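Work through these exercises with the model open. Try each task before reading its solution.

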Amino acid sequence: MTLLDELAALLGPQGCLTGDRVPEAARSDASRSGRALPRALLRPASVEEVSQALALCHAAGQTVVPQGGLTGLAGGANPRADDIALSLQRLAGIEEIDRGAATMTLKAGTILQTAQEAAAEAGFLFPVDLGARGSCTVGGNIATNAGGLRVIRDGMTRDNVLGLEVVLADGSVLTNLGKMVKNNTGYDLRHLFAGSEGTLGIVTRAVFRLRPLPRARATALCALETYGDVLAFLALARADLPGLSAFEAMWRDYFALNQSLAGLRLFPDPPAFAVIVEAQADTPVLEAFLAQAYEAELVADALVAQTEAEARDFWTVREGHAMDAHLPGMINLDVSMPVGRLDDFARACREAVLARFPGAHVSFFGHVGDSNLHVAVAVPGGAGDADHAVDGIAYGLVREFGGSVSAEHGIGTLKRDWLDHSRSPTEIAAMRAIKAALDPHFILNPGKVLPR
Ligand SMILES: Cc1cc2nc3c(=O)[nH]c(=O)nc-3n(C[C@H](O)[C@H](O)[C@H](O)COP(=O)(O)OP(=O)(O)OC[C@H]3O[C@@H](n4cnc5c(N)ncnc54)[C@H](O)[C@@H]3O)c2cc1C
């Protein structure tokens, strides 16, 4: 029997797709950088099936690429033609909400939005939120250590995972589904798997901590004139705004374009910086804080959302989905560095990209409260092979500014060759040693994260 026959016998016709039955979508994540269809797509429906399938692949030296919702932006879930892809989508569902412990235990293939809705129904807030919520899976969130919109309050995904179940490369199941916040019993393996992008094990179940459901939420869009004001406004918000839950900045070009694409005139004369500040508090609390900021001459103008729809408008401009169609081939970068240096980086990056590609669109926005900047670049005539040149410019500056080439999207394949801009040779050697210890046959997500 061939390996594929054995996998088909194990997983059944719904669990092992080969040939024409492998869907086109299995080629690539949302970066659209994947080209090849895998030789098979496995869709196990239980932890035992994941374990047995991996044991077979391990014995055969067959490489396996885990796939969640395929919303990743780093090429981490892209297979090569001789890989087998393993989708977690059938391993989905919420197993328990423990109200006393304020935790949710769920399977890795659960869609993030499903988890959020179940938490809200039980009176809790699921602490991870991002634009891809309707398609990404919680297993993918853990594997990429996803950030998102409310990290300033609730942390990255890893900060919210209390327990994990992971199937290792040889099929053994490592289970620690504890619900304790405090658990200092040796190495914290959760943090090894969070952010490992499917290279160390396949996440099958997790325990997330839940937060209280906010009773109120207030949102404002503020106009600021200098980056110094943005920094002072952030410091003031951290100190004096109860329930601060988002602090997002848009540089002028980004705000102007996306306001116009959304058909809105929030600030008809776009300011140097437009900042969304959100608090889990009543609107008068936010208004009192803004009055203080106004008095301190940090904020030139502010719009406070009076309805959910108005708040949604602010977020529509910030999320900027319309840009993808407007600037086909747009290059998106996700970097971080000390918050005080973000604007210096933005200026240097714009200047260097325009020197190389005159007439390019270069704009900046991001989770400034988490020192995370996104860079959107579109070069005249389409991307072509400009990606690499733009990466080189931006990541060279990131290294100079002491930052990270990936704030929240991960390394995957797209940033693999730039890892040494943010990690030392000793760190990369330690990562390789961990990989070799947990996956001695190198079958899990080969070619991802670690440079060749
Ligand atoms: C519109 C949009 C907005 C986004 N916004 C954000 C944002 O604000 N913040 C942010 O951090 N990201 C964001 N992303 C990126 C993406 O949504 C996240 O990286 C997400 O966590 C990926 O989850 P997924 O289930 O789609 O994983 P996939 O794309 O399927 O996989 C991502 C990586 O995880 C691995 N993997 C998947 N599931 C498992 C598993 N169960 N076990 C082990 N490895 C696994 C894959 O091999 C791959 O390396 C956005 C993407 C889009 C399209």
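Predicted model: local features only at pLDDT ≥ 70, side-chain atom pairs only at ≥ 80, totals over all residues.

Residues are numbered from 1 along each chain as its sequence is written.

**Exercise 1.** Find which element gives the most to the shell around the ligand.

Solution. 
- Start with the 37 residues around the ligand; Gly68, Gly72, Gly76, Gly139 and Gly140 come nearest. A residue counts as near if its C-beta atom, placed from the backbone, lies within 6 Å.
- Next, list the elements that supply at least two shell residues each: β3 (64–67), α4 (138–144) and β10 (202–209). Helices (H or I, at least four residues) and strands (E, at least two) are DSSP runs, numbered from the N terminus.
- α4 gives the most, with 5 residues.

**Exercise 2.** Describe how domain 2 and domain 4 meet.

Solution. 
- Contact means C-beta atoms, placed from the backbone, within 7 Å.

**Exercise 3.** Work out how α12 (residues 342–356) and α13 (residues 386–400) are oriented.

Solution. 
- Their axes come within 10 Å and cross at roughly 150°. Axes are lines fitted to C-alpha atoms over the stretch in contact, with angles from 0 to 180 degrees between N-to-C directions.
- The helices are therefore roughly antiparallel, the term for angles over 145 degrees.
- Among the residues in contact are Phe345 of α12 and Leu397 of α13.

Terms used: Contact = placed C-beta atoms within 7 Å. Parallel < 35°, antiparallel > 145°, perpendicular 65-115°, else oblique.
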